[in-house]
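Subject: Structure handed over, with notes

Dear colleague,

Here is the structure that I promised to pass on to you. My notes on it follow below.

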Amino acid sequence: MWSGSRCLNQIQYSLSSTFSQAFRFKPRTRLLTMGAGVQTVDTSKRLAHLRELMRLPENSVKAFVVPSEDQHSSEYLAHCDERRAFISGFNGSAGCAIVTLKDAYLFTDGRYFLQAEQQLDKNWKLMKQGLPDVPTWQDFLSKHLEQGTRIGIDPTLISKVDADSLGKSLEPRNSKLVSLEKNLVDIAWGQDRPPRPTSNVFPLDIKYAGKSSADKIQHLREELRKKNAKAMVVNMLDEVAWLFNLRGSDIDYNPVFFAYAIITEKSAALFVNPVQIDDVVRDYIGSQAEIRPYDDFFSYLKETCSNLQLSKEAPVLLGDKGSLAVAEAIGQDNVLVVPSPVAALKTIKNETEIEGFRQCHIRDGAALARYFAWLEEQLENGVELNESQGADQLEKFRSELDMFKGLSFTTISSTGPNGAIIHYSPDPNDCAIIKKDQLYLCDSGGQYLDGTTDVTRTLHFGTPTDEEKRAFTRVLQGHISIDTAVFPTGTSGYISDSFARRALWQDGLDYRHGTGHGVGHFLNVHEGPQGIGTRIGYNNFPLKAGMTISNEPGYYADGRFGIRIENVIIVREAQTPYNFGNGYLAFEHLTMCPIHKKLVDLSILTVQERDWLNAYHAETWKKVSPLLHNDPRALAWLERECSPL
């Protein structure tokens, strides 16, 4: 701890008014994150302008790469950083655009095939990554472009790891990755590009965070000493927010703000736009860190590194998502790229955070019960509601809960064939009517001061088909298999992913997405590096006690229906009769919302699976029902849905 510093958990504030004034997520216009229903954008003029810029002598590139990420490698973006969406018209959260002087290519994964097909115009070729004979965008650059190609990139938007790997793969063809000083898409976007957000930053009270910023910084310095590093650059927005116990709302649905941090053995610097902080934040930080303007980051980094006597043996740590631009500012020979120790510390939730997760999921379950009971009644009464109206009503119920600060992502309210679009979101001006005779998939979540929720339920308000029931039950069996798993310490999500797919595989079914992603604590709903899925990178990060993850197997019949069942779970130590090896782990489910029994095919459900479902519903009833005494409709719905099979 700094000499003379203020321990952040000793500073008392009356923060309720600060929170209400400084922070409330503004709903993102759904058009920007739409799946089906969006008008295809004509990108002809945009591409023509971009190609003019590519041909200029000061650029002279034959290809230009437009990644999804911003300068902080964020998954979800501020509107001003939606470059790939602007140039291509496709606004799913994952993908990469490559524009050559003649052609344009959009690379994305199976979650977004249908959406991309609907949004891309005739100028673009969709590259369906993961299918046979479809290269990754990196392989495309190194193997499918002509030799000697100069490939332009904004160095703030590509990680040093990816840039190094890509650079080596280009060498055999004498091609080259070229760092450009200005982003060409930004120039083509011109005055229509939205300004960078400047939301208010506010402190997160220790009663929610569970650990002071001083303690977190001290733990990070211990990691620096282990690696003989002189400093670390913290570039991920959720890592900066977690490290300093600060939150903001610069990116829709994510309580983060644009910032960098530099931590050395004896100093800490936080870079943030001065208009975003007030005296409350300055007093909260105290002498823990020097607060400097966001735009000073690169110049300050260069100056600091010149004074640190850096070498390969005494480097600056940079997380594996740190940008090429940051590495170049430090000096390529003085950077040690590692999995971020801040991310590793953040993934392990402390007991205060864990209890917060439990409580916010119970409250969230009450909002879900109110919504599904309301929706069922409306449909029974013949009221015509579209998907967007459903999403809005669910948000209204959540907004009435204690400590609610906004949604954790745009609600996926999808009926019938739209449920097969994995990241669908309804356009309020053009979306489907929710129908009783179709499956209804609702994937939603909330941000609360004490945690983040993410839950998916699939329901049918009429009579489901045998096919729908069997597919739903196979998904449920996979969900139960993950929930009840007991596994040795050191097991990764890559290994355990097959637990969720085994029942589906028995029927020749599967799904094109991971089984689970990490979930932040009043932070990003997608948190890395932990997860459960077929991505080989998960094998590098064993599941550990205290990690929060989603459990969300699914099945999607293109053009007909989609099924997904999602709970948030937390890794806990397992109590086993014996202890061969180094101990065992299990999961505790946090989400409290009934799983639709009408869709269960009892003929293929085992006794153990039936017992699990009954026990889960008994727990849900016990925890959620006390919050519904003022809503008889929801209470009756919950009682019916939680009754034993």
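Is Cys360 buried or exposed? Cys360 counts as buried, with a relative accessibility of 0%, where buried means under 20% relative accessible area, exposed over 50% and partly exposed in between, for a 1.4 Å probe and protein chains only.

Before the rest, please keep in mind that this is a predicted model, in which local features need pLDDT of at least 70 and side-chain atom pairs count only at pLDDT 80 or more, while totals for chains, interfaces and linings use all residues. Residues are numbered from 1 along each chain as its sequence is written, and side-chain values use heavy atoms, with hydrogens and water left out.

On the cysteines, the count of disulfides, meaning pairs of cysteine sulfur atoms within 2.5 Å, is zero. The cysteine sulfur closest to that of Cys360 belongs to Cys593 and is 14 Å away, which is too far for a bond. For Cys642 the closest cysteine sulfur is also in Cys593, at 8.4 Å, again too far for a bond, and Cys642 counts as buried at 8% relative accessibility.

The domain assignment, which is an automatic or database one, gives domain 1 (43-192), domain 2 (202-347) and domain 3 (351-642). The C-alpha centres of domain 1 and domain 3 are 34 Å apart, and eleven residues of domain 1 are in contact with eight residues of domain 3, contact being heavy atoms within 4.5 Å.

Between them, domain 1 and domain 3 bury about 830 Å², of which 62% is on carbon and sulfur atoms; buried area is the accessible area (1.4 Å probe) that two parts lose on being put together, summed over both. Tyr76, Arg111 and Leu114 supply 55% of the area that domain 1 buries against domain 3, more than any other three residues.

Across this interface of domain 1 and domain 3 there are zero salt bridges, a salt bridge being a side-chain nitrogen of Lys or Arg within 4 Å of a carboxyl oxygen of Asp or Glu.
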